[in-house]
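Dear colleague,

A summary of the findings follows it.

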Amino acid sequence: MALPFPIPDSLAPAFTLSHCTAEDTDAMIEVYYDGFETDSRNTFWWSSDKEAMFRWMKRRIRRKMDDNTTRHFKVTDAQSGGLVAFARWDIPEGHEAAFGEWIGPVDVSQTVTAGEGARDGQGEGNLPVASAPVEAITPPATDYPEGARPELCKIFFDALGVMSEKQHAKTMLGLSLLCTSPKYQRKGAGKALMLPMLAIADAEGVKTYLEATPTGKPIYERLGFREVDELAFDLKELTGSSDGIYKISIMVREPRSI
């Protein structure tokens with residue numbers, strides 16, 4: 001299926017950009033987990049059971065890919081076929097056609113266990129390994145990773161939901177998730193997944209919303225995002241760790257004139 005945008009010139013010849021499909025699920029889970037596990041502050045609500053996290057990520061990916069208001073795109077290594085990075089976007093009502101046709105529903109029923117999946121690529125993206133693992137739509141309260149502390153999950157997702165409503169995020173294009181394999185560095189995959197969609201947002205006159213980690217914030221600022229609010233989690237109080245206050249930046253990008 002054709003993409004809703006041209007392939008950016010900045011994308012390295014060794015990479016391809018396309019829609020995510022059901023066959024990508026295992027690799028997406030691997031990249032999702034590997035990208036986020038590097039920062040314990042960002043994953044304070046996670047289960048310590050890796051296989052439990054894989055099962056939860058699989059359920060979440062299935063729900064999101066079955067949602068016709070989302071779009072998933074990926075960058076792959078043309079030689080190995082390995083997944084380099086992927087992005088999930090929430091599309092505002094009334095702009096669905098501009099951001100491309102929805103692909104779904106999908107069948108991702110195959111069991112995924114820790115250690116399985118695609119690990120063919122080498123390198124890392126030039127955006128953060130991952131944007132904050134936060135999505136505008138809060139999952140059902142009962143669907144938390146097995147082994148995770150439910151109260152921490154509730155605090156985390158409730159905070160995201162409140163902020164989403166406060167900022168009217170559903171009226172904007174939302175970067176719900178951006179993950180780059182830790183094996184890929186300075187290759188432009190993350191940027192290639194963002195710029196074409198931001199160009200469509202500009203043409204549509206639509207704002208763009210995301211939640212950024214401290215690492216990602218300055219990079220997103222260079223792409224035109226500005227901080228409009230922040231979430232602060234006291235990790236010492238919540239988990240007893242010595243990590244202190246962890247902040248997630250709420251960022252919005254105004255559409256640029258064409």
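At what angle do helix 1 and helix 2 pack, and how far apart are their axes? The angle is about 120 degrees and the axes are 10 Å apart; axes here are lines fitted to C-alpha atoms, for helices over the stretch in contact, and angles run from 0 to 180 degrees between N-to-C directions. Helix 1 and helix 2 are therefore oblique to each other, given that angles under 35 degrees count as roughly parallel, over 145 as roughly antiparallel, 65 to 115 as roughly perpendicular and the rest as oblique. Among the residues that make the contact are M28, I29 and Y33 of helix 1 and M53, F54, W56 and I61 of helix 2, contact meaning heavy atoms within 4.5 Å.

Some notes on the basis of these values are in order. This is a predicted model, in which local features need pLDDT of at least 70 and side-chain atom pairs count only at pLDDT 80 or more, whereas totals for chains, interfaces and linings use all residues. Residues are numbered from 1 along each chain as its sequence is written, and side-chain values use heavy atoms, with hydrogens and water left out.

As to the overall fold, the protein has 6 helices and 7 strands, taken as DSSP runs numbered from the N terminus (helices H or I, at least four residues; strands E, at least two). Along the sequence their pattern is β-α-α-β-β-α-β-α-β-α-β-α-β. Of the 258 residues, 53% count as buried (buried is under 20% relative accessible area, exposed over 50% and partly exposed in between, with a 1.4 Å probe and protein chains only). Among contacts with a separation of 6 or more, 80% are accounted for by residues 24 or more positions apart.

The structure holds 16 aromatic pairs. In one of them, the ring centres of F44 and F233 are 5.3 Å apart and the planes are at 45 degrees, so the pair is tilted; rings of Phe, Tyr and Trp (its six-membered ring) pair if their centres lie within 6.5 Å, and planes under 30 degrees apart count as stacked, over 60 as edge-to-face and the rest as tilted. This pair links distant parts of the chain, 189 residues apart: F44 is in the loop between helix 1 and helix 2, and F233 is in strand 6. Both F44 and F233 are buried. A tilted pair is also formed by W56 and F157, at 6.3 Å centre to centre and 45 degrees between the planes. It connects helix 2, where W56 lies, with helix 3, which holds F157, across 101 residues. W56 and F157 are buried as well. Ring pairs link F44, F233, W56 and F157 into a cluster that also includes Y33 and F54.

Turning to the cysteines, C20 lies in the loop between strand 1 and helix 1 and is buried, at 2% relative accessible area. Beyond its neighbours within four places in sequence, C20 is in contact with residues including M28, M65 and H72. C153 is buried at 0%, and C179 is buried at 0%. A search of the whole structure finds 0 disulfides (pairs of cysteine sulfur atoms within 2.5 Å).

Finally, H168, in the loop between helix 3 and strand 4, has a positive phi of about 55 degrees although it is not a glycine. At 54% relative accessibility, H168 counts as exposed.

With kind regards
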